[in-house]
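Dear colleague,

Please find the structure below, handed over for your study. I would ask you to keep it open while you read the notes that come after it.

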Amino acid sequence: MAAIRYAPLWTRAFHSFNLLVLLLMAASGLQIYNANPVFGGRDGATVPELFTLGGWLAGGRDWHFGVMGLYAANLGVWIGLLLRQRHQRLAALGDVGTLRVSSNTPKRRLAAHRLVYSLMLIVLGFSLITGMAMYKPAQFWWLVAPFSFAEAAGHDSWQVLRVCHLATIPAISLLLGAHVVLSWRVGGLRLWRSMAV
Amino acid sequence: MVNPADPLSRRRSLGLLLGAAPTLLLGGCALNGVSEAVGAATQPLNERLEALLQGKGKLPEFRPNQVDPAALLINSFNGMPDIDPASYRLDVDGLVSRPLRLDLAALAALPQQQCVLRHVCVEGWSAIVAWSGPRLADVLALAGPSPLAGYVFIASADQYYESWDMASALHPQTLLATHMNGAPLPAANGAPLRLATPVKLGYKLSKWVTGLKLMATLGDRRGYWEDQGYEWFAGL
């Protein structure tokens, strides 16, 4: 059996740390959600305590705003390095073409996997933008402005932001499921081990 | 192949890792006790950045037709105090050259300003509200604040208490509101006098304000919710 070709150390480090802080951000975010559910307000259904972090609103905010800087810095530097040094590994239009015309199954899987993990980075970036807009809506009013597109339909930009920020959790969960399955189909345990720290 | 002599082979550690994943969920409960320490470690830096981020100039406001009265929910930690407008007085003291005791007529005689702002609650909801009344900066200027004053302690009739940094108190859109959405302030919303500003979360916006005290340093009582774990600066 050939030796495993490990991904560069920085890739593995950013990848693992991102998973850790993402779990903390999601769980503390759901704790904050429970103080006033996005859907239904004070009468809305809350998230089971099992999936929350912090114990109460202030505890959830302690974690969410305590970790956000690490989350943002890790994601920002990681995406920057990926674009600079490993952009050939990120999805390109060619991958969409492969999915449309190729009948070569391994090639299709590889293209689908590249699309999935590249999309994950975009969703994580979107969670950061919507989060910043709600963290400082007065100072970053220009970041809130693009979310007022549904105002004519009676949806305040704040509610749009809340829904968008929350939507990144189911979105990243679905993509994470696809990422795990596809990476297994593409490279099996060897690929997983090549990304383990 | 698993080497029995190696208790932490790569394959075994992978299995251990997968097996340990469910404990992460249980660990979440244990982590709740660490929340305060996480906040204590990170809030000072966050608060400093928030203060740096906050400009001295006016922020964009909303259009009056964006006001949604139904969106503004009522929060109070201790019910609603009974205040007689005729005997009501606002005390301004502490590090000032002229301590004041203002009645509602004196507050109404000051220049009035209307601000259509988004009121953001720490719980996550928000409401666009049109507040009007004198600017907090004008009331403080009347009292002649000492250059040593760095903080304002705000006392309320319901025993709620808050403390603000001077820069936020002097912000041109920080009001001592007496009116809301074009009508006199309802009792549930803090009549006869409450704080309103675009730059702070709702729990900083004391209702039923009866006293302003200028201080050089923050005391032990930093705010009702802050003393229970909420962030003090709470900037928006």
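The notes below cover the model itself, the domains, the interface, the strands and the salt bridges.

This is a predicted model, in which local features need pLDDT of at least 70 and side-chain atom pairs count only at pLDDT 80 or more, whereas totals for chains, interfaces and linings use all residues. Residues are numbered from 1 along each chain as its sequence is written, chains are lettered from A and ligands numbered from 1 in the order in which they are written, and side-chain values use heavy atoms, with hydrogens and water left out.

Chain B is divided into domain 1 (9–53) and domain 2 (57–228); such bounds come from an automatic or database domain assignment. Taken over C-alpha atoms, the centres of these two domains of chain B are 37 Å apart.

At the interface, 44 residues of chain B are in contact with 36 residues of chain A, contact meaning heavy atoms within 4.5 Å. The buried area between the two chains is about 3,400 Å², with 58% given by carbon and sulfur atoms; this is the accessible area (1.4 Å probe) that two parts lose on being put together, summed over both. Three salt bridges are found across the interface of chain B and chain A, a salt bridge being a side-chain nitrogen of Lys or Arg within 4 Å of a carboxyl oxygen of Asp or Glu. R42(A) forms a salt bridge with E123(B), and their closest N and O atoms are 3.1 Å apart.

Which elements give two or more residues to the side of chain B that touches chain A? They are α1 (10–31), α2 (35–53), β3 (112–120) and β4 (126–134) of chain B, where helices (H or I, at least four residues) and strands (E, at least two) are DSSP runs, numbered from the N terminus. The most comes from α2(B), with nine residues.

Within chain B, strand β5 (residues 151–156) runs antiparallel to strand β6 (residues 161–165), and five bridges join them; two strands pair if DSSP finds at least two bridges between them. V152(B) has W164(B) as its bridge partner in β6(B). Six bridges also join β5(B) to the antiparallel strand β11 (residues 209–215) of chain B, where G211(B) is the bridge partner of A155(B).

Over all chains, the whole structure holds ten salt bridges. In one salt bridge, D93(B) pairs with K213(B), the closest N and O atoms being 3.7 Å apart. D93(B) lies in strand β1 (residues 90–94) and K213(B) in strand β11 of chain B, so this pair ties together parts that are 120 residues apart in sequence.

With kind regards
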